[in-house]
Amino acid sequence: MKRFAEAIEALQRTVEPRARVSLLADYLANAGDPERGWALAIIAGALDIPKVTPAELRALVAERVDPALFAWSHEYVGDLGETVALIWPVETPSENAMPALAEIAEGLLGSTREEARGRLAEWLDGLDPAGRWALLRLATGGLRACASPRLARDALAAWSGVSLERIERVWHGVNPPYLPLFAWLEGRSREPELREHPRFTPFMLATALDERSLESLDPRDWCAEWKWDGIRAELVCSGGARRLYSRLGDDVSGAFPEIGEGVGDDIALDGELLSVRPGEAASREGLRRRVLRSRASASILEECPIVFRAYDLLRLDGADLRTQPFTERRLRLEEWYRATPRTSLDLSPLIPFKAWDELRACRAAEREPGIEGLMLKRADAFYLSGRREGAWLKWKRDAFTADCVLMYAQRGQGEAASFYGDLTFGAWDQRSLVPVGKAFLGCADLKLPEIDRWVRENTVERYGPVREVSPGLVLEIAFEGVASSRRHKSGLTLRSPRIARIRWDKPAEEADTVAALARLAE
Amino acid sequence: MAVNRGTTFLHPAAPRPETWIKSTPAGLYCEPADLYIDPTRKSARAVITHGHSDHARPGHERVLATAATLALMEERYGNRAGRERQALDYGVPLTLGEVTLRLLPAGHVLGSAQVVLDYRGSRIIVSGDYKRRRDPTCAAFVPERCDVFVTEATFGLPVFRHPHDRDEIGKLLRSLRLFPERTHLVGVYSLGKCQRVIALLREGGYDAPIYLDAGLAPYCAVYERFGVPLGRLLPLEGESRAGLAGKIVLSTPGGDDDWLRQFPAPLIAMASGWMLVRARARSSGVELPLVLSDHADWDELNRTLLDVGAPEVWVTHGREEALIHQAGRNSIRARALSLVGFEEEGS
């Protein structure tokens with residue numbers, strides 16, 4: 001438990017993705033079985049642990065600690081779980097006497113909430129403060145925020161030297177604490193055999209089209225589709241089980257239980273999840289609300305209907321179609337679609353065209369939310385996982401731009417530790433600025449030193465690592481769309497915002513308004 | 001657990017402590033010896049518990065302290081360290097009128113001392129800042145029975161229980177192994193914490209040169225002179241950026257960003273007792289907090305009150321209310337001694 005506590009503590013503090021992978025890989029190298037498997041499951045968010053509420057935690061600590069001392073301490077520390085972890089009145093036990101993570105994870109998993117709460121005190125007694133903190137984060141659900149299945153698999157790859165692709169193939173067929181997986185990665189046994197399991201195939205990815213190269217391409221070699229602005233997903237049915245995988249290979253079946261009903265028993269489809277109400281434009285808000293929940297409730301199923309829009313067929317009835325050309329796969333897909341009754345699923349249509357100019361016109365005319373541009377797919381391309389140069393090309397519509405005002409800046413970590421590159425910008429609402437988004441400038445960006453210098457010279461307030469600046473620097477923000485959001489004061493968020501350029505020439509008063517952005521909302 | 005110690009003084013006929021030692025705007029004053037303890041104002045006669053700037057101030061007429069404390073004051077203040085300076089070894093009695101004064105190790109930093117004052121059968125110990133755990137850079141705290149114990153309460157909340165030094169230094173060493181391309185910048189207080197971190201690193205088997213930012217080297221030299229080996233220390237000036245990859249650099253916290261930029265992919269660490277509270281580490285932008293304190297934690301404070309067996313405790317600075325509350329639960333009469341000019345630093 002001590003190692004695990006240290007590892008997640010370090011992960012929580014570290015922002016830089018490569019450093020996070022190193023930290024976790026180091027943990028995997030040093031922790032034993034089955035502890036590291038449980039840790040990995042926790043970090044991947046794969047455990048459904050009954051939650052302990054703050055009220056229960058208060059009751060627990062009230063049995064052990066003088067109320068006045070607790071009140072002063074809680075006021076000072078701020079966080080309830082952290083206060084309990086620090087104040088829990090036992091001598092630090094020796095490392096060997098501490099309960100193992102495996103014992104705790106199994107105990108939490110195999111028990112009701114009441115039982116879990118009952119054992120909490122016993123475990124707290126056996127741990128040191130860092131261990132207690134980790135336990136309470138786990139038991140109160142606080143670790144969910146740092147959960148990342150991709151981080152877990154990246155670390156497995158970094159530690160073992162086995163490719164991410166091979167790990168992803170196996171990952172969904174093994175269960176915590178993943179003993180066969182570790183045995184395989186350490187060369188102690190063969191790759192776990194996964195029979196009859198809806199297995200994830202890493203997606204084929206598109207590269208951006210360089211418009212200048214268009215004229216050198218022969219339109220007859222290419223097919224065109226809309227580029228859907230939803231969530232990429234893979235629907236796989238096999239051996240009586242059905243799974244829906246996200247872009248990173250995470251199992252999101254629980255959030256979208258209705259997707260894939262009735263599609264058959266041996267099929268793998270590549271497509272896009274879109275939020276579509278009959279008669280209404282697609283909305284990302286519905287999709288966002290759905291994807292946030294690990295289990296969909298009846299009410300949210302009703303409120304936010306989702307459709308899976310299929311655009312590729314990887315496998316059908318025992319045949320692996322990935323080594324068929326795109327046009328062949330497409331034919332099989334359409335055939336299957338016509339013959340199969342299904343709900344919550346439709347087909348992404350092909351756009352017929354003869355010359356590039358026709359497509360150019362299509363792309364320019366289309367501003368419907370739910371579409372972010374065009375996809376060009378080579379007619380003879382196999383389905384190959386990963387980013388394959390020149391097989392699939394994305395031709396996004398031009399980004400939106402808005403002039404926003406820099407409001408807050410925060411420093412990065414590592415190479416960026418001394419630069420204010422984490423930027424929050426706002427738009428005008430009446431006479432005040434309201435934040436509408438954040439963007440991050442990497443070290444390689446030439447704009448970073450300029451903005452950094454400006455931030456230093458125009459700081460009006462400091463809140464720890466954050467600086468508030470006077471409203472004087474206008475940034476041209478490029479973004480993919482505007483989503484309405486109840487979580488933000490401005491009522492909206494920008495999608496994929498990035499800093500296009502600095503508008504040194506533009507006075508802050510002339511920046512855009514929240515109302516103007518809201519008109520773009522989907 | 002309540003321990004009933006009653007309110008009996010060592011000598012029933014001894015004078016009440018507050019009749020001969022008083023809290024004044026300039027600090028604690030011992031009337032029969034005409035002596036201030038760690039005075040905040042220029043005084044005719046001062047005894048100094050240790051070299052931190054909120055305790056050891058410049059410009060007193062006659063200064064009494066351990067030789068190490070005097071050396072550290074001379075390093076800090078030059079010829080303003082006190083006109084007449086008298087070094088006193090631990091345990092050696094000195095008579096000042098009717099008062100006998102001794103210094104006892106406090107375990108805080110090199111040269112730190114508790115001041116023991118005996119007057120007509122009444123004994124007061126002013127402990128200054130102290131800790132109870134082992135520190136390779138200074139003599140360990142010696143508890144002694146007294147009628148009044150004057151204690152600090154910097155970490156006077158039950159959440160403050162400092163982890164083992166070895167584990168904290170282990171985190172730094174592990175991070176160095178894991179990120180060999182990054183300069184590890186460790187924020188330290190220049191006197192005490194700096195040298196302790198170095199000594200702990202050496203004990204942990206780290207024998208590479210350690211780089212010191214400006215201002216740290218002179219105190220390290222004093223430590224070396226008083227027999228605390230710190231290994232190979234190099235000045236930061238003149239070292240190339242590439243040469244600092246994977247190295248440990250000690251500096252006082254709060255270096256500005258131009259300064260930060262001389263390091264490749266800096267990893268910012270900080271050695272302080274306050275790092276125990278995660279929000280505090282986060283808000284100071286620290287990536288690797290090391291919980292290393294030169295002050296007593298909650299358990300040490302309470303254990304010390306029991307060890308010295310004083311029926312009465314005066315609490316100087318820090319979070320006094322919780323410690324006073326807890327002392328009350330142990331039947332010790334405790335009260336806050338609100339002294340001016342003591343800050344939350346050097347923790």
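**Core and contacts**

Tutor: The largest nonpolar core has 198 residues, and those with the most contacts inside it are Leu24(A), Val186(B), Cys194(B), Val197(B), Leu250(B) and Ala269(B). A nonpolar core here is a set of buried Ala, Val, Leu, Ile, Met, Phe, Trp, Tyr and Cys residues joined through C-beta atoms within 7 Å. Buried is 20 or more other C-beta atoms within 10 Å of a residue's own, exposed is 12 or fewer, and partly exposed is in between, with C-beta atoms placed from the backbone.

Student: Which helix gives the largest share of this core?

Tutor: That's helix α9 of chain A, residues 129-139, with seven residues. Helices are DSSP runs of H or I, at least four residues long, numbered from the N terminus. This is a predicted model, where local features need pLDDT of at least 70 and side-chain atom pairs count only at pLDDT 80 or more, while totals for chains, interfaces and linings use all residues. Residues are numbered from 1 along each chain as its sequence is written, and chains are lettered from A and ligands numbered from 1 in the order in which they are written.

Student: What does Leu250(B) touch?

Tutor: Leaving out residues up to four places away in sequence, its contacts include Val186(B), Cys194(B), Ile210(B) and Leu216(B). Contact means C-beta atoms, placed from the backbone, within 7 Å.

Student: OK, new topic. How many residues of chain A are in contact with chain B?

Tutor: 27 residues of chain A are in contact with 24 residues of chain B. On the chain A side, α5(A) gives the most, with six residues.

Student: How do α5(A) and α8(B) cross?

Tutor: The axes of α5(A) (residues 67-77) and α8(B) (residues 320-329) come within 10 Å and cross at roughly 165 degrees. Axes are lines fitted to C-alpha atoms over the stretch in contact, with angles from 0 to 180 degrees between N-to-C directions. The two helices are therefore roughly antiparallel, the label for angles over 145 degrees.

Student: And which residues meet there?

Tutor: Ala68(A), Leu69(A) and Trp72(A) meet Glu321(B), Ala322(B), His325(B) and Gln326(B).

Student: Last one: is Lys171(B) buried or partly exposed?

Tutor: Lys171(B) counts as partly exposed, because it has 18 C-beta neighbours inside 10 Å. Lys171(B) lies in helix α2 of chain B, residues 165-178, and touches Leu288(B) and Leu290(B), not counting residues up to four places away in sequence.

Methods:
Two residues are in contact if their C-beta atoms, placed from the backbone, lie within 7 Å. Angles under 35 degrees count as roughly parallel, over 145 as roughly antiparallel, 65 to 115 as roughly perpendicular and the rest as oblique.
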